[in-house]
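Hello,

I am passing a structure on to you, with some notes on what turned up in it. Please have a look at it first, and then read on.

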Amino acid sequence: MSAPILYLVIPCYNEEAVLPVTAGLFSGKLQALQAAGRVAAESRVLYVDDGSTDGTWEVIGRLSDEGWAEGIRLSRNRGHQNALLAGLMTARERADVTISLDCDGQDDVEAVDAMLTEYEAGCDVVYGVRRDRKSDTVFKRGTAHLFYKLMAKLGADSVYNHADYRLMSRRALDGLAEFKEVNLFLRGLVPLVGLRSSSVYYDRSPRQAGKTHYPLRKMLRLAADGITSLSVRPLKLITGLGLGVFLVSLGMIVWSLVEYFRGATVSGWSSLMCVVLFLGGVQLLCIGVLGEYIGKIYGEVKHRPRYILQETTFNKETDDEAGGR
């Protein structure tokens with residue numbers, strides 16, 4: 001069997017500082033795989049510029065001139081998940097297998113060899129899974145653990161300690177292309193594709209340059225997207241909560257009537273305010289959860305493109321396509 005064409009898909013957003021630092025890491029690994037005969041000479045690193053406002057695209061252009069890299073540029077910033085999907089769908093037309101990873105050098109590129117071994121053994125999806133989170137802060141470690149536990153409790157299928165470092169065969173990418181939703185959470189969608197899968201464990205390194213573009217606010221947004229995109233259990237939970245509050249309210253009504261007819265009622269501002277605030281808080285919480293789902297529906301029914309390609313470093317015919325997906 002001939003060596004497969006591999007594309008390393010790397011989303012970037014304002015990474016002008018880090019790209020020159022990690023370029024040697026990716027090109028070196030690609031060339032080593034080609035020299036060992038494990039991947040074809042047509043294999044490339046595919047950078048995805050997610051509407052950067054600095055010199056990221058210019059750096060990608062210089063790297064593509066060296067022959068081992070290519071790039072695509074989105075028309076505007078669409079977020080990490082959409083940028084990653086754009087890269088995967090572009091690579092799907094050219095590669096037999098893709099591996100997605102971050103541009104900051106934190107994902108251990110040596111794990112690529114083990115991923116390819118699993119692919120050669122017949123796996124269509126290979127997840128890169130962190131061995132531990134020693135490099136994270138205590139806060140981030142705790143919130144990540146809580147996130148995965150919460151996802152599991154809510155019935156959303158995901159791989160523990162796996163981000164977006166994964167191998168996907170062309171057959172797996174074909175399956176992923178069948179999912180048309182706008183609100184993307186690829187960590188949850190890829191397991192839904194099915195097909196044979198396995199995991200490879202690695203140690204995550206510190207960022208090699210630049211600053212992270214994934215602050216707490218974005219991580220919380222990603223968590224909310226993951227839960228609401230993959231599970232309707234929160235809706236069932238608020239239904240149960242509403243039923244519970246209703247039963248408690250009925251009990252309070254019966255108790256109030258009994259006390260009234262016994263002549264033991266005492267007017268009290270504190271007790272009244274506690275009940276009103278409690279019920280108001282529950283109602284607002286439930287409305288908020290419903291609003292999250294309604295917002296998702298609103299985004300889906302408009303069928304807007306998930307991304308639009310502005311330009312690429314491929315040949316002229318490809319540049320002329322510049323299509324939305």
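Let me start with two helices: helix 6 and helix 7 pack at an angle of about 110°, with their axes 9 Å apart. Axes here are lines fitted to C-alpha atoms, for helices over the stretch in contact, and angles run from 0 to 180 degrees between N-to-C directions. Helices (H or I, at least four residues) and strands (E, at least two) are DSSP runs, numbered from the N terminus. Helix 6 and helix 7 are therefore roughly perpendicular to each other (angles of 65 to 115 degrees count as such, under 35 as roughly parallel, over 145 as roughly antiparallel and the rest as oblique).

This is a predicted model, in which local features need pLDDT of at least 70 and side-chain atom pairs count only at pLDDT 80 or more, while totals for chains, interfaces and linings use all residues. Residues are numbered from 1 along each chain as its sequence is written, and side-chain values use heavy atoms, leaving out hydrogens and water.

Which residues meet where the two helices pack? Ala172, Gly175 and Leu176 of helix 6 meet Leu186, Leu189 and Val193 of helix 7 (contact means heavy atoms within 4.5 Å).

Helix 6 (residues 170–177) lies across strand 4, strand 5 (125–130) and strand 6 (162–169), at about 115° to strand 6. Helix 7 (residues 186–193) lies across strand 5 and strand 6, running at about 35° to strand 6.

As for the sheet, eight strands form an open one in the order 7-5-6-4-1-2-3-8, with mixed pairing (two strands pair if DSSP finds at least two bridges between them). Its edge strands are strand 7 (197–202) and strand 8 (309–312).

Best wishes
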